[in-house]
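Dear colleague,

I am passing a structure on to you, and my notes on its strands follow below. Please read them with the model open beside you.

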Amino acid sequence: MEDAQENTAESGSSVQWSEEPAGLAKVPEVSLPEESEGCTRPLEAAPPKLCGYLSKFGGKGPIRGWKSRWFFFDERKCHLYYSRTAQDANPLDSIDLSSAVFDCKADAEEGTFEIKTPNRIITLKAATKQVMLYWLQQLQMKRWEFHNSLPVPPAAPDAALAGNGPALRLELEQEEEDQEALLCPVKTPTELVGVGAAWQPVHAKPSALQNISLKHLGTEIQNTMCSIRGNKQTQGAGHRPPGEDSPLSEETQREEQLSPPGPGTPGKDPANSQKPTPKSSLTTSLIQKAKSQSNTFPLFSEGLMWNRTAQEKVLALEQQVLMLTKELKAQKELVKILHKALEAAQQEKRVSSAYLAAAQDKDRLELVRHKVRQIAELGRRVEALERERESLAQTASLREQEIRELQQHVQLLLDKNQAKQEVICKLSEKVTQDFMKAPEEADRDFLSQQEKMEHLKDDMEAYRTQNRFLNSEIHQVTKIWRKVAEKEKALLMKCAYLQAQNCQVESKYLAGLRRLQEALGVEAGECSELLRQLIQEALQWEASEASADSIVLSPSTVSEYDEYGFLTVPNYEVEDLRLLAKIQALEVHSHHLLAHEAVERPLRERWATLGELAPSAELKQLLRAGVPHEHRPRVWRWLIRLRVQHLQAPGCYQALLSQGQACKHPAARQIELDLNRTFPNNKHFTCPTSSFPDKLRRVLLAFSWQNPTIGYCQGLNRLAAIALLVLDEEESAFWCLVAIVETIMPADYYSKTLLASQVDQRVLQDLLLEKLPRLMAHLGQRCVDLSFITFNWFLVVFADSLISNILLQVWDAFLYEGIKVVFRYALAIFKYNEEALLRLQDSLEIYQYLHFFTKTICDSRKLMHIAFNDMNPFPMKQLRQLRAAHRERLEAELNELEQLKAEYLETRAAQGPSVPEGCPSEDEGEAEP
């Protein structure tokens, strides 16, 4: 039973079969109604026929599965017909390919593809993938040729339409060239496709019952009868003279010529040959009624009754052969049973003869014992056979139950088939009644239908033309859109480059003004006044440009605050510092614009495609390059959870807050003092209405209760503030502070003695001597101690030193790799400004430059490259060894200092309080009036 709906054949068309030369299989030829005289086409060479065996998926219930079908293509109607075998007289059904689409899924079985029409979806399977590709390409080409076939205009075409003919032909030729350029031809599998494939064995042929189409049972019966009739005629031709034909064959030929093939031709079902169904009686009544009304009605013929009689005889003979075969099989089984009984009797006879021939009682007793053992063995075999019989009986009962279920299902199918047959009979009666109508009414209906068909064809052609036009329009608009997008991208890149150049020019202009001011000094008053005026105007450029509404894209606009609320140009009281800050902000903006397209956009795309985070070398490189603003909170939460997952507990932060509310911590006063000193250049901590100071207070108090050995240390407020600005959650910022103080930094880094911090300063001195010997020699000659500057770097991880975008990039790698990143960046900062430091000769100038030189760093990519490439090798083993050595020396120095302090206190205590001579004591001062 097919799962798709039938497509009824169009009126006026018929399917005929023609014999191919050289004994090839039958191939259908579809004849259509004659076209008008104006629709003739030039004669061309006949193309190879598209036909072959394919497997079609269909059916319902237990017979649902793949069925082998012979498919052949009708080029005139663009229909794909199929039948059970290549020798069948009538096709089972057809597929309209004119409006169908083809689909080949990658995850489907090899060779499987689909044909999707507006009414149904047909699933087919070829023997190999090459055959599937050949069928798909040929069907696409046939559909393309069918849609692109130009209809010839009528005998008197309109002048306007005739004028558009050449243009339309040129357009179609261009489309055909484009289609040929897109398609890659597949080699024709000659053994599996074409007329010769009818004689090839079918791949994976299903069972005969499964391969029969129950939905087109009438067509199957007609094809079977035609096959039997052809075999009989072939056999009878050998017993008759060549020129003689029996009346039966003539009647059969007359019936084949008069009755059109189709699924509605009545026939007899082989399965119901013993009992005539209502369909056969109804069909007989229809035949008699048609004969009584019109003797020339060609739908039924007298030869049909003879065919039924012959079919009944054939079926009767087949049943008789089956019965004889079963009887022969039963006789053979009976003979086998008798042979076994004869052998048992002969064995019993031999045993009895041996018992009688025994000379002594002992021998006879042994024979009896042997017989008893045989009887016991046979008893056991009987019991085993009995158990086997019981199991077989259970299996038989299960089989009977399954048979009953299958019989019920078959009965259900028969009922459905009976209902369909009744519908077919009713439709046959209706068709007979329609044929009996007056010819004039039929002609009028035919003319009206033909007129409607002509209108529909015109509409279809108009829609096809419109579709081609819209496709070309979409193609052109897409090309235009792509060109515009490319131009827009190029203009944006050019604009960014020009903005960067403008920022550089402006920074150079400001730097020139500053150098000119330093060179002139206070000698020329008018020139100094003019320079100050120019500097003030330069510093006020940004405010005037930001307030201009008419300018959409200001070339040198630098926003007042960055993404995290830091001032890009701090309001220093000294004019030179403000000028330097403005120059540095312009340089940073310039580098950002130049690196946006080349570096930042690919980096954002890599972070966007990164799925679940996991420790890896790729993640390490991405963190060193910096996390984009939109991904940084998620990445930091993952890094913090990786550090403190053994310390986290549900409700821990809330419990610490409750403890702080119940009892005041000793460090609460110092925390309040440091809140107002936290990032004065950040709007989140300076605005009176901001909630960040309250959040920072709660985080620091909770940490002071979490770690009583440290409590609170100056510098922790900056660490917690950075975490709050990025994570924007109190609890996440609290655990970030815990991760830094308790897992990343050494244990006594923030203790009262700051022992580990002092050790790291000495380790940094050794690394600077190793990595930058020329700079350290220059600073050593001028007695410059770098620990005054670098101590705060390590304590707050550059929170007060670097600009925000470089600072957060350092923190990205610091939270993942640890304290070694701080050493790398400390060395990189000195390497970045090495030449500028070498140019300074005075120690006071060097100290002044060291206080603000970290703010002059604007190229984050260069700094990152120096830290992680130029400073290599940088093994952690060396860092541990240096720490251990300096810690031992520092502890010895501290112990010696403690001993000196103790000795001093003992000496002072032994001397007692004494007043030098000539100095009045406090008691004497009180005794005076």
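Two strands are said to pair if DSSP finds at least two bridges between them, and the strands themselves (E, at least two residues) are DSSP runs numbered from the N terminus. The model is a predicted one, in which local features need pLDDT of at least 70, side-chain atom pairs count only at pLDDT 80 or more, and totals for chains, interfaces and linings use all residues. Residues are numbered from 1 along each chain as its sequence is written, and side-chain values use heavy atoms, with hydrogens and water left out.

Strand β4 (residues 65–74) has nine of its ten residues buried, that is, under 20% relative accessible area with a 1.4 Å probe, protein chains only. Eight bridges join β4 to the antiparallel strand β3 (residues 51–58), and there G65 in β4 has G58 opposite. Towards β5 (residues 79–83), β4 pairs antiparallel through five bridges, with W70 opposite S83 in β5; four residues lie between the strands of this hairpin, where C78 takes a positive phi near 60°.

Elsewhere in the sheet, β8 (residues 112–116) and β9 (residues 121–125) are antiparallel partners over five bridges, and T112 stands opposite K125 in β9.

With best wishes

Terms used:
Buried < 20%, exposed > 50% of the residue type's maximum accessible area, 1.4 Å probe, protein only.
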